[in-house]
Amino acid sequence: MVDTPAPAASPLEHLRIEPDLDRRSLPHIRAAGKRLEDLWAKGTDHCPSLIGAAAASGRMIHLDLDLTGECALKCFYCDRTPDRYNGVPNRQELTTEERKDIIRQARALGATTVEFPGAGEPMLDPGFWEIVEFIHDLGMTSIVFTSGYHLDEAAADRLYDLGATIFLKYNNIDTIVQDRMVGLRGYGEKAHEAMRILLARGFNRTIPTRLAIDVVVTPKYHDLDGVADLFRWCRDNNVHSYIVTLIPEGMADHKSILLERNRADELIELMRTIDETEYGIVYEPSRPMGGGYRCRQVNCGLFVNLFGEVYDCNGLSRLIGHVRTDSLEAIWNSAYARHVRQPDQDGFCLVRERQWEGRDLSAMDRKLEDYHRWQAANAPDDIVERAKEMVGVGRIELARTGAVPVGADT
């Protein structure tokens, strides 16, 4: 990772740096000509050679870990399933010490990155700073998905010094649209200020960058011109453009707010064209991620939710094990987990493609659909079977309103 000069102008004053700037000469753009992953945020910049080497040695690279389910926002597109909320019946949330032990186990397996995708606002977790400091002491990188609502200059300084990468919720340049998307008046200005603080602290002055925007594109609140401007702003300012369609889970589990497949393709092609014609960056895009980004989480990591349930990632949600019945090493090396990791993910998103294909499954069935097919051709995996018992398979079902007994009206 190398330092780059500060952007030529304050990026929040206008969307572009300078009208006549040769964007192909920007240091991070030049670096991307040799390694596209240098445009991705530090800790997510997993290139194919790294994934291949890890697969050959059985090494883990990446751990996703839920912290608190508390959040001040009311995003209509929230993809959390009920088992990622605090207070789910018959679930005991992991303690800070348990989470540190999981991180320690992941480090022993080779992991270098710990990502906090939620479940709520990670910075609200009572153990947040203790955990981030623990990760730093282990020589690992923290990736924090945050609304920025609780971010001030002191917190930004501390995160910077601890080597963290920040994904800031930043759905729109228009602060009013931001307010409407998260259901909280005044949030847009708060996110705007958080972005200013992070840029001033220099999170975007390294290659790879340590700053990303987390943008969920929905039909109601986005047009392609607006997305294009936001994407250009990211490229000009060395900010990872995590611009994606929503994950159809939780509150977002209905087609009315999901960009249909053709529109998703159009969005991704727009970003590809901008990259090629304006920045000289050439690549083959992979739906649903734009800007050349390809998620490789399934091949190199695991996701542990609030209660210790282990999945392939926080989006695909294939149940693999439970940390209260088996060690992370046993789960990682189980027969079913090895089966899940075997195909090259290379950006493919099962949960979105399943929705676009019109396969309507319950939240619980989604967790086990692939396992049941694999089990029929092989044999039960004891680790998954123990996890099923812990999760309550056959006893509860998951609905947007929460976990309910099987047979109850959802």
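Me: What is the bridge partner of Thr-113 in S4?
Reply: In S4, Thr-113 has Thr-141 as its bridge partner. Strands here (E, at least two residues) and helices (H or I, at least four) are DSSP runs, numbered from the N terminus. This is a predicted model, in which local features need pLDDT of at least 70, side-chain atom pairs count only at pLDDT 80 or more, and totals for chains, interfaces and linings use all residues. Residues are numbered from 1 along each chain as its sequence is written, and side-chain values use heavy atoms, with hydrogens and water left out.

Me: In which sense do S3 and S4 pair?
Reply: Parallel, over four bridges. Strand S3 covers residues 113-116 and strand S4 covers residues 141-146. Two strands pair if DSSP finds at least two bridges between them.

Me: And what is the order of the strands in the sheet?
Reply: The order is S8-S7-S5-S4-S3-S2-S9-S10-S11, nine strands in an open sheet with mixed pairing. Strand S8 (240-245) and strand S11 (319-322) are the edge strands, each pairing on one side only. From one strand to the next, the twist averages 20°. For angles, axes are lines fitted to C-alpha atoms, for helices over the stretch in contact, and the values run from 0 to 180 degrees between N-to-C directions.

Me: Which strands does H3 touch?
Reply: Helix H3 (residues 96-108) packs on the sheet and touches strand S2 (62-65), S3 and strand S9 (301-304). The direction of H3 makes about 165° with that of S2. Contact means heavy atoms within 4.5 Å.

Me: At what angle do H3 and H4 pack?
Reply: About 20°, with the axes of H3 and helix H4 (residues 128-137) 10 Å apart. H3 and H4 are therefore roughly parallel to each other. The cut-offs are under 35 degrees for roughly parallel, over 145 for roughly antiparallel, 65 to 115 for roughly perpendicular, and oblique for the rest.

Me: Which residues make that contact?
Reply: From H3 they are Thr-96, Glu-97, Arg-99, Lys-100, Ile-103 and Arg-104, and from H4 they are Glu-130, Ile-131, Phe-134 and Ile-135. By class, the contact of H3 with H4 has four nonpolar residues, one polar and five charged. Ala, Val, Leu, Ile, Met, Phe, Trp, Tyr, Cys and Pro count as nonpolar, Asp, Glu, Lys and Arg as charged, and the others, Gly among them, as polar.

Me: Now H14 and H15. How far apart are their axes?
Reply: The axes of helix H14 (residues 363-377) and helix H15 (residues 382-391) are 12 Å apart, and the packing angle is about 155°. That makes H14 roughly antiparallel to H15. Residues of H14 in the contact include Leu-368 and Tyr-371, and those of H15 include Val-384 and Lys-388. The contact of H14 with H15 divides into five nonpolar, two polar and two charged residues.

Me: Different topic. Which residues does the cis peptide bond join?
Reply: Ile-207 and Pro-208, with omega about -5°. Pro-208 is in the loop between strand S6 (206-207) and strand S7 (211-217).

Me: What is the phi of Asn-238?
Reply: Positive, about 55°, although Asn-238 is not a glycine. Asn-238 sits in the loop between helix H8 (224-236) and S8. Most residues other than glycine have a negative phi, and most peptide bonds are trans.

Me: Last one. What is the mean pLDDT of the chain?
Reply: The mean is 85, and 81% of the residues reach 70 or more. Over residues 6-11 the pLDDT is below 50, and this stretch has eleven contacts in the model beyond near neighbours in sequence. pLDDT is the predictor's confidence in each residue, from 0 to 100. Where pLDDT is low, the predicted coordinates should not be read in detail.
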